[in-house]
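Here are my notes on this entry. Please read them with the coordinates open.

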Amino acid sequence: MVERGTATRVSVAVLTRLLLVILTFVLIVVLSQVAMVSARTRIERTDLPTIAGQAWEGTQDYFTSLASGSLGEATSTSILGGQRRAMGDLLLDAYSKSMILVLLAIGLATAVGILIGVLAAATRSARWRATLLTFTTLTVSLPSFLVAILLILFGAELTARAGIRLWPTFGYGIDNHLILPVVVLALRPFAQIASFAYVATDEILHLDYIRTARAKGLVESLIFARHALPNAAVPIIGAVATGLSIALSTLPVVEVFFSWPGLGFALLQAVRRFDAATAGTLLGALAATIAVVRFGLDALADHFAQRATGAPS
Amino acid sequence: MRRALNWQLIVGVALILGWLIVGFGAPFFSSADPLKEHTFVQLGTRSIPAPFEPGQFGYVLGSDRQGRDLWATVMFGAQATFTLAFIVLGARLVIGVTLGAVAGWFAGRWIDRVISALIDAFAAFPTLLFAVLWIFAFDIRSGLQAFAAALTITGWWGVGRAVRAALVDLRGRPFLEAARAEGLSEFATFARHAVPNLLPTLAITSALEASAILLILGELGFLGYVVGGGTSVPIDDLRGSGRAFFFASPEWGAILAQGRFEVFRAPWIALVPAAAFASGVLAFNLAGHGLRIFFERAPVALGKLLNWRVATAVVAVVLVFRIVTPLVGPAAALTSVARQFDGGQAHANLAYIADPARGGRYTASPGYKEAAAYVADRFRSLGLEPAGDDGTYYQSFKMADVGLTAMPTFQRVGADTKAYRPRIDFNESIGGRRGGGTVEGNIVYVGAGNKIPGYSDYEGTHSQGNIVMIAGPSVANQDRIDIARREGAIGVIQVSFGELIKPSYVAAFEAETIPVLTISAGVANELIAASGKNIVDLNQSLIDRLRRAQTRPSLRQEVPQPISFDTATRVRFTVPLGPIHDIVGQNVVGILRGGDPQRNDKFVLVGGHLDGIGTDPDGTVFPAANDNGSGPAVTLEIARVLAANRSMLKNSVIFTTFAGEEEGLVGSEYFANHSLTTPLRPSNILAFVNLDVSGCCGDTLAASDESFALHARLASAADRLGYAFGYVPAVGGSDHLSYTRRGVPAAMVGWTEFGPFHTTGDTLATVTAEHLAMAGRVATQTILELAATN
């Protein structure tokens with residue numbers, strides 16, 4: 001009985017979240033239509049009802065097409081000829097290229113961020129605290145474009161002075177081409193995660209039950225792994241979610257600057273053509289991803305929260 | 001209390017205040033000019049082109065490629081950038097607080113669920129990309145408001161979420177229950193007891209939001225999306241293939257936008273604004289965190305600040321600033337000079353120039369020469385230095401010309417014959433593929449006249465040896481006259497859905513030409529009457545079809561059916577065209593030398609074209625009063641005002657009237673090209689104020705916006721004089737284009753409505769002294785601000 005109730009509750013929660021993902025997607029498709037139609041008609045100085053009508057028409061077309069199982073085509077500038085491309089193709093291609101960057105960046109930021117945050121907390125030194133928090137505050141405020149320019153200049157200077165070529169500056173490739181974009185994308189999420197990891201771990205290490213554990217004579221590493229980390233997990237997961245938002249928001253800057261042919265790149269081109277269907281699809285895919293990952297992280301946080309309030313031993 | 005003050009708060013607030021003082025105080029304590037361009041520095045015999053490195057030639061932080069001082073730009077840019085950020089913040093607060101408060105107050109009810117779902121959905125949108133979408137939706141060229149609206153739509157949810165959370169937190173508190181128990185209404189409870197407790201949250205959220213807004217503004221700038229959108233101009237000739245892009249507003253994002261492309265050659269152009277953005281983002285972040293610590297340690301009753309006195313004080317400060325700014329500083333002192341511009345005097349100039357006796361001033365015609373002599377005489381009597389050929393005011397040049405030898409004719413032939421009237425029912429179209437000749441054939445309606453691989457509007461029709469009628473949007477930027485010719489058509493009739501105006505001719509032809517007419521929609525309907533269709537509907541259906549094809553995602557490539565058809569209507573038309581021959585055009589040029597020897601080799605150029613579309617072969621005169629007797633008339637009056645105040649001028653001012661504008665900007669192109677080896681070369685021109693159609697119509701003065709910088713100057717000059725000022729989207733087709741494409745800030749100053757130009761109705765009577773005076777005063781004020789201030 002109890003288990004069934006839990007299952008129902010879980011499935012209701014999953015369903016609610018699924019609905020929210022769908023809402024996000026639909027909303028973004030509709031808003032893309034409105035935005036692009038009004039951008040297009042602005043040239044003709046059309047009135048509001050016309051814009052609404054055309055946006056409605058475009059939305060209908062889009063979902064009719066979607067219902068019949070196809071994303072349709074990404075239109076080119078020309079009406080009838082020109083290069084058209086299956087939207088699915090474009091989406092898959094651009095999406096995978098972007099996700100490589102984002103996943104690597106978030107992975108890197110999470111791993112290094114937690115490591116540094118937790119290690120700094122473990123030292124329990126006031127100087128470390130000040131250094132780390134100042135450093136992370138500064139880093140979180142560093143715009144990606146500034147970091148990108150500085151890194152590129154650093155690389156160029158190194159090549160010019162010492163003849164060392166650390167990384168290629170521009171272009172796509174699953175090799176050392178990844179270095180610059182991933183580092184630039186990872187930097188701000190890293191700072192976010194490191195500071196939260198530090199604060200969370202630091203707080204917990206001052207709690208009574210850790211002292212008790214110590215008093216019991218538990219090894220320090222075991223105290224960390226068993227008692228401190230699971231409880232610090234909730235705020236850290238929150239920071240990872242924020243980090244993901246930061247990375248995805250900055251993505252187009254990194255893609256355009258490093259000529260990485262991903263979602264942001266494709267989207268800016270679609271917007272320039274006032275191509276509502278493509279813009280809606282790409283933005284929708286991105287937004288749905290963010291929503292799904294958010295919910296995944298929420299669930300993970302719930303899990304840890306339950307463990308923390310449940311039996312810790 | 002002292003313990004609550006933390007370094008984050010102090011440093012953050014100090015940085016913010018620092019930028020605000022620098023930004024808003026710059027016009028008061030700095031003589032640096034963020035818009036001043038300086039394309040190269042002469043060092044002995046060497047000339048060193050911009051960009052200049054930091055520290056070089058007195059540029060503390062270096063210059064950009066147009067030689068603008070980056071420190072000055074960043075300083076003045078702080079004002080624009082922070083203003084924009086605060087506008088966005090304000091809008092986000094209004095929407096976010098309203099929705100967040102409703103959701104939080106009614107937490108758990110349906111309205112909360114809806115708002116919370118919206119917040120969650122918007123939170124998942126990728127901010128930057130979503131913002132770009134809306135910037136285009138609100139028209140990037142409309143400036144600040146597009147950015148403000150776009151960034152509000154993408155970011156209101158942050159405030160909403162924070163306010164909702166804070167209210168949910170407050171809900172069960174005893175003091176709210178107590179307030180309710182006292183019998184306060186729900187709204188009063190909210191306003192008196194909940195709102196004051198929200199203020200700390202709002203302060204913290206505002207600071208963090210401001211940081212996020214600055215960051216996204218930086219990212220937008222870096223991607224090239226800047227306030228005003230920048231300007232793209234053709235760089236070679238009128239048919240231009242290459243285009244150059246200019247960013248010109250003093251705003252951090254705009255500097256960043258041009259710097260991105262120069263990271264290797266001149267990294268400081270991007271680094272300076274990027275660092276400015278970083279410092280702003282950091283400042284607000286620090287302030288946000290600092291405020292959080294502050295409120296944790298010292299819970300102060302911010303609610304006490306919520307009263308009418310404080311609100312009045314804030315409003316008063318803003319108002320005073322808004323009113324005082326245009327009235328102080330060196331530029332404001334110049335308005336009394338600008339007001340010396342006399343509209344009546346300008347109108348008197350126009351009375352001579354646009355007199356029908358001048359015959360519409362076709363370039364090289366006797367009427368044109370009389371008008372040119374009038375301008376030169378005035379220049380002489382004002383004491384302007386002649387800058388034409390051989391010590392005269394005239395600069396002569398040869399140009400190709402072509403014209404009608406008789407009026408064009410157009411008639412329906414056959415049983416139901418009817419002759420149409422030129423200039424009322426139809427007009428000729430000349431230049432390129434459009435030549436002269438007489439043709440007779442059946443009308444074949446071919447829609448928009450498009451032909452691309454896989455589709456042809458000509459399919460199923462018989463254009464061979466006939467006359468095709470074209471009405472509708474082009475899809476591939478093709479030459480549709482050439483397509484018609486290749487399809488065997490012997491003549492083309494284009495339908496105009498606007499007013500018919502007498503065209504001007506570019507005297508350049510392809511090897512093979514066919515005659516082309518433009519007819520009104522009414523005449524077109526008469527010609528296709530037998531089909532039972534209406535040309536307006538046909539045109540609309542083509543436009544709709546094109547739009548749907550471009551916007552709908554199609555499952556398969558649907559090729560629409562052409563809507564073209566043959567008709568039995570037979571027409572005959574003649575375009576009697578003379579041979580191409582050379583004529584001699586005359587620009588009139590005079591200079592008022594500035595008094596500062598360091599600066600008088602840099603010039604402000606002002607003028608407009610003097611030529612008009614002349615007289616028809618049947619003797620009809622097109623007086624061309626507003627287009628463009630008004631420009632030279634205003635130019636002469638500006639010359640009078642500046643000559644009377646010549647001691648104020650530091651830079652020199654060139655006054656010109658151009659010939660051959662109607663035939664494709666021939667006069668201004670010649671002037672710019674011919675000056676390359678002289679001190680008047682384009683790199684020495686600070687700006688070109690082109691006065692075209694400046695005497696009529698509508699009630700808003702406006703300038704074209706190819707150069708955002710010059711437009712900003714003109715707009716602030718108008719503001720100082722108390723005039724409203726708009727913009728006409730980069731219209732291009734006037735003499736300023738000759739300078740825009742050479743990288744010189746240039747703008748056409750006129751009115752938002754052009755009036756009855758290129759018709760017989762463009763007479764002296766349509767132009768008012770008032771219109772001339774306003775255009776002239778704004779131009780004079782702008783020239784003075786450029787040439788007479790430091």
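1. Start with helix H9 of chain A, residues 263–272. Eight of its ten residues are buried, so the helix is mostly covered. Buried means 20 or more other C-beta atoms within 10 Å of the residue's own, exposed 12 or fewer, partly exposed in between, with C-beta atoms placed from the backbone. Helices (H or I, at least four residues) and strands (E, at least two) are DSSP runs, numbered from the N terminus.

2. The buried set in H9(A) is A:Leu263, A:Gly264, A:Phe265, A:Ala266, A:Leu267, A:Leu268, A:Ala270 and A:Val271. Just after H9(A), A:Phe274 has a positive phi of about 55°.

3. A caution on provenance: this is a predicted model, in which local features need pLDDT of at least 70 and side-chain atom pairs count only at pLDDT 80 or more, while totals for chains, interfaces and linings use all residues. Residues are numbered from 1 along each chain as its sequence is written, and chains are lettered from A and ligands numbered from 1 in the order in which they are written.

4. Chain A has ten helices and two strands. The order from the N terminus is α-α-β-β-α-α-α-α-α-α-α-α. Of its 313 residues, 44% count as buried.

5. Now the partner chain. In chain A, 57 residues are in contact with 51 residues of chain B; contact means C-beta atoms, placed from the backbone, within 7 Å. Elements giving two or more residues to this side of chain A include H9 and helix H10 (276–309). H1(A) gives the most, with ten residues.

Technical notes:
Contact = placed C-beta atoms within 7 Å.
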